Amino acid sequence: MHRQLLIKKLLRYTRNLLIFFFASTLLTVIVYRFMPVYITPLMVIRSVQQIFSGDKPTWKHTWVSFDKISPNLPMAVIASEDNRFAEHNGFDFVEIRKAMKENETRKRKRGASTISQQTAKNVFLWPKSSWVRKGFEVYFTFLIELFWSKERIMEVYLNSIEMGNGIYGAQATAQIKFGTTATKLTRGQCALIAATLPNPIRFNSAKPSPYILKRQKQILRLMNLVPKFPPEEKTIRKQQGKNKKTKKEQ
């Protein structure tokens, strides 16, 4: 009898825990569909790591809306990181299959995570890779693809991604690395930023190595080949909507 009560309590506790988890994560994803993401687990973790290593914690981050970011930057990160970003549902199965085949013979394993997956990881999870984190990453990627638009995913990605030691997002990077703002970043600067993203702590977009300059050229070439993001017709419709609103206010 005592054992049955214990099992019932355990099952009730597990059920309540699962309900709380799904309800809280769903609510957070819906809130972040509209609200700027000012802080992420990665920012906190990096600050703690800096303190433990004896350094002064550095945290440079300024949220800016998508229309305040140079249109070259989403094109550069798509060309560099995720060519099929606008087409897939959060998981690029073409790249996953390629990576699995290549990893059979490669010593250093190649990943195939999309911009959506990286956004889910940056905003909701921790950086250290594991099967547990990958599982949560799949879950949050599914949620943001369900509740956010592709433009919103890109906006959050470009505002939350680590772009240097203690530097997060397009605006802080533009100010610190290039002495400008996110909206004024040139095509070449955006390609340099994208070239460093696999390891922004090791590579500096403001002082590019020969390897990064080579990557920049490759990205600039690919930027001419990938579909425009956001699609032109969507941008035109949005601008027309803004114009109508302005006329009504007048």
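Which residue forms a salt bridge with E162? Keep that in mind while you get your bearings.

**Before you start.** This is a predicted model, in which local features need pLDDT of at least 70 and side-chain atom pairs count only at pLDDT 80 or more, while totals for chains, interfaces and linings use all residues. Residues are numbered from 1 along each chain as its sequence is written, and side-chain values use heavy atoms, with hydrogens and water left out.

**Stop 1: the whole chain.** Colour by secondary structure and you will find 11 helices and 3 strands (DSSP runs numbered from the N terminus: helices are H or I with at least four residues, strands are E with at least two). Of the 250 residues, 40% count as buried (buried is under 20% relative accessible area, exposed is over 50%, partly exposed is in between, with a 1.4 Å probe and protein chains only).

Stop 2: The 3 strands form an open, mixed sheet in the order 1-3-2 (two strands pair if DSSP finds at least two bridges between them). Strand 1 (60-61) and strand 2 (162-164) are at the edges; each has a single partner strand, so one side of each lacks a neighbour in the sheet. Strand 3 runs parallel to strand 1, paired over 2 bridges; look for H61 and its bridge partner Y168.

**Stop 3: E162.** Now for the opening question: the partner is R46, with the closest N and O atoms 2.7 Å apart (a salt bridge is a side-chain nitrogen of Lys or Arg within 4 Å of a carboxyl oxygen of Asp or Glu). The pair joins strand 2 to helix 2, across 116 residues of the chain. E162 is buried, at 9% relative accessibility.

**Stop 4: a salt-bridge network.** Show the side chains of R84, D92, E95 and K98, which are linked in a network of salt bridges. Between R84 and D92, the closest N and O atoms are 3.0 Å apart. R84 is partly exposed at 24%, whereas D92 is buried at 5%.

**Stop 5: helix 7.** Select 150-160: 11 of the 11 residues in this helix are buried. K150 forms a salt bridge with E145, with the closest N and O atoms 2.8 Å apart, and both residues are buried.

**Stop 6: out to helix 2's F52.** Finish at residues 41-52, the helix that holds F52. F52 is exposed, at 76% relative accessibility.
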